[in-house]
Amino acid sequence: MNRESTSRLFILWSGSVTFFVASFIFCSTFTIAGTQTSLAIALFLWISLLAVKRRMVPERTPIDLSIILLFAASAMSLLFSGEILDGLWNMRNYLLIGAIYLLVAVARDGRYLRRMLGILLISGCGSALYGIAIFLLGRGDGTLGRTSGSFSNAMTFGGVMLLLCSMSFALATARDVGRRMRIAAIASSVITAVALFFSFTRSSWIGMLVSGSAVLIIQRRRLLPVFIAVIAITILILPARY
């Protein structure tokens, strides 16, 4: 294989990693199976690329020390466990931490980062609108008509909407964000907040209150009283059954 063909192969390889990362992000808002499959393929292609060509090398992050401490604490706990084999098997979940460094490696370019955020916002809004439609059409679960969106239960859907709404809200209130991205983030915040409400997952409601307050304390402290006032008014005007 000549040098030109080899170069094209690695370009295609790198592009495949980026494609499956985008697929992972897109699927993460509405399908667990699609998310797991896309992430597994992306991680396999990325690790293979690192081993063969040393491309997309992950950079250090501010959470590296926290991850090391987590592994150390888990290892110490495992040593004193009565079921070491089961503990080792359960530690396979830590492989998901690799997704953090995969995303950092792919999105180190600002253009890719904006595209990935755009994909997440679009997919999140689509998933939220689907959940809202289920509620409005009266196809939800229980007496309240809790919407579960594309998931099997409302709690899972509420948890996903909590994460999406928190991320969108943080992006909408950030200072160094372009106008188009801010408008998209505001729209996503509103849509996912409505879907979160219709999931009637009270733990996720509380989580959103905490995350929203934390975001404003860090980024827009002057808006915190407004946020609290809006929440208080919403609680007062809600029907008694909610």
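A pocket here is an open set of grid points with protein on both sides within 12 Å along at least five of seven lines. The views below show a predicted model.

**View 1. The largest pocket holds about 810 Å³ of space.** Its lining counts 24 residues. Closest to the centre are Ala193, Leu209, Phe227, Val230 and Ile231. Helices H7, H8 (179-199), H9 and H10 (224-237) each supply at least two lining residues. H8 gives the most, with seven. By class, the lining has 21 nonpolar, three polar and no charged residues.

**View 2. The second largest pocket has a volume of about 680 Å³.** It is lined by 23 residues. Phe24, Ile25, Ser28, Leu103 and Leu120 lie nearest its centre. At least two lining residues come from each of H1 (3-27), H2 (32-53), H5 (98-106), H6 (110-136) and H7. H7 gives the most to this lining, with five residues. The lining divides into 17 nonpolar, six polar and no charged residues.

**View 3. Helix H7 (residues 154-173) packs with helix H9 (residues 202-219).** The angle is about 15°, and the axes lie 10 Å apart. H7 is therefore roughly parallel to H9, since angles under 35 degrees count as such. H7 passes H9 in a right-handed crossing.

**View 4. Residues of both helices make the H7–H9 contact.** H7 brings Gly158, Gly159, Leu162, Cys165, Ser166, Phe169, Ala170 and Thr173. H9 brings Ser204, Gly207, Met208, Ser211, Gly212, Val215, Leu216 and Gln219. Seven residues of this contact are nonpolar, nine are polar and none is charged.

Note on methods
Residues are numbered from 1 along each chain as its sequence is written. This is a predicted model: local features need pLDDT of at least 70, side-chain atom pairs count only at pLDDT 80 or more; totals for chains, interfaces and linings use all residues. Side-chain values use heavy atoms; hydrogens and water are left out. Axes are lines fitted to C-alpha atoms, for helices over the stretch in contact, and angles run from 0 to 180 degrees between N-to-C directions. Helices (H or I, at least four residues) and strands (E, at least two) are DSSP runs, numbered from the N terminus. Angles under 35 degrees count as roughly parallel, over 145 as roughly antiparallel, 65 to 115 as roughly perpendicular and the rest as oblique. A crossing is left-handed if the near helix is turned anticlockwise from the far one by less than a right angle, and right-handed if clockwise. Contact means heavy atoms within 4.5 Å. Ala, Val, Leu, Ile, Met, Phe, Trp, Tyr, Cys and Pro count as nonpolar, Asp, Glu, Lys and Arg as charged, and the others, Gly among them, as polar. On a 1 Å grid over the protein atoms alone, a cavity is a set of points where a 1.4 Å probe fits but cannot get out, and a pocket is an open set with protein on both sides within 12 Å along at least five of seven lines; lining residues have an atom within 4 Å of a point. Grid points are joined across faces, edges and corners, and a volume is the space filled by probe spheres set on the points.
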